[in-house]
Amino acid sequence: MISRSFDDTRQFAKELIVKISKNTSDRAVVLDLKGDLGAGKTTLVQMIGRELGVTETMQSPTFVIMKSYKTTNPRFKTLVHIDAYRIEQIDEVKILRLEEVFAESTNLVCIEWADKVREIMPNWTVKIECTLLENDEHQYRIHE
């Protein structure tokens, strides 16, 4: 999907939520958001948050690594936003107790820079490639 505006990105977020909401497993839905700086990863998570009913201002958790937001969505009660950009060693994320986060079926977990924590990523992760195109357009592609 090519996004030329926030509305386009919000539409992609809506469609993505519909698609992943069909997952009825007993564990979290985890999204691996892959892309260079400026590719639209954080914007996509913000739009997902809006669509799930998050009312707080959502900013990239680059310095705190992980933030959780309550939603009004019946399927995903908590949106967990992780930015692993600053992670240098996998031991740095142990304090986050990600096994517990991944085990909670009502969580939607969005991870930016997941390649930094690849060894602890669950095998059921949905990969989304975010690309910055010319004219400040963004492309979002789901890889399953």
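This report describes selected features of one predicted protein model.

## Basis of the model

The model is predicted, so that local features need pLDDT of at least 70 and side-chain atom pairs count only at pLDDT 80 or more, while totals for chains, interfaces and linings use all residues. Residues are numbered from 1 along each chain as its sequence is written, and side-chain values use heavy atoms, with hydrogens and water left out.

## The largest pocket

The pocket search uses a 1 Å grid over the protein atoms alone. A pocket is an open set of points with protein on both sides within 12 Å along at least five of seven lines, whereas a cavity is a set of points where a 1.4 Å probe fits but cannot get out. Grid points are joined across faces, edges and corners, and a volume is the space filled by probe spheres set on the points. The largest pocket has a volume of about 160 Å³.

Lining residues are those with an atom within 4 Å of a point. The largest pocket has 14 of them, and L37, G38, K41, T42 and E112 lie nearest its centre. Helix α2 (residues 41-52) supplies the largest share of this lining, namely three residues. Helices (H or I, at least four residues) and strands (E, at least two) are DSSP runs, numbered from the N terminus. By class, the lining holds four nonpolar, seven polar and three charged residues. Here Ala, Val, Leu, Ile, Met, Phe, Trp, Tyr, Cys and Pro count as nonpolar, Asp, Glu, Lys and Arg as charged, and the others, Gly among them, as polar.

## Cysteines without a disulfide

A disulfide is a covalent bond between the sulfur atoms of two cysteines. The criterion applied here is a pair of cysteine sulfur atoms within 2.5 Å. The structure holds zero disulfides. C110 is in no disulfide, and the nearest cysteine sulfur, that of C130, is 10 Å away. Because the sulfur of C130 is 10 Å from the closest cysteine sulfur, in C110, the distance is too far for a bond.

Burial is judged by relative accessible area (buried under 20%, exposed over 50%, partly exposed in between; 1.4 Å probe, protein chains only). C110 counts as buried because its relative accessibility is 0%. C130, at 3% relative accessibility, also counts as buried.

## Aromatic rings and charges

A pair of aromatic rings is described by the distance of the centres and the angle of the planes. Rings of Phe, Tyr and Trp (its six-membered ring) pair if their centres lie within 6.5 Å; planes under 30 degrees apart count as stacked, over 60 as edge-to-face and the rest as tilted. By this rule there are two aromatic pairs. One of them is formed by F12 and Y140, which are stacked at 5.3 Å centre to centre, with 15 degrees between the planes. This pair links distant parts of the chain, since F12 belongs to helix α1 (residues 6-21) and Y140 to strand β7 (residues 138-143), 128 residues apart. Both F12 and Y140 are buried.

A charge sits over a ring if NZ of Lys or CZ of Arg is within 6 Å of the ring centre and within 35 degrees of the ring normal. R27 lies over the face of W124, at 3.9 Å from the ring centre. K116 is placed over the face of Y85, at 5.6 Å from the ring centre.

## Positive phi angles

I65 is not a glycine, yet it has a positive phi of about 75 degrees. I65 lies in the loop between α2 and β3 (66-70), and its relative accessibility of 12% means that it counts as buried.

R97 is likewise a residue other than glycine with a positive phi, near 55 degrees. R97 is found in the loop between β4 and α3 and is partly exposed, with a relative accessible area of 47%.

## Positions in sequence and in space

E92 is located in the loop between β4 (78-83) and α3 and is partly exposed, with a relative accessible area of 39%. E92 and V117 are 25 residues apart in sequence and 9.7 Å apart in space, C-alpha to C-alpha.

G49 has its place in helix α2 and is buried, with a relative accessible area of 0%. The C-alpha atoms of G49 and R118 are separated by 24 Å, and the two residues are 69 residues apart along the chain. K19 lies in helix α1 and counts as partly exposed at 39% relative accessibility.
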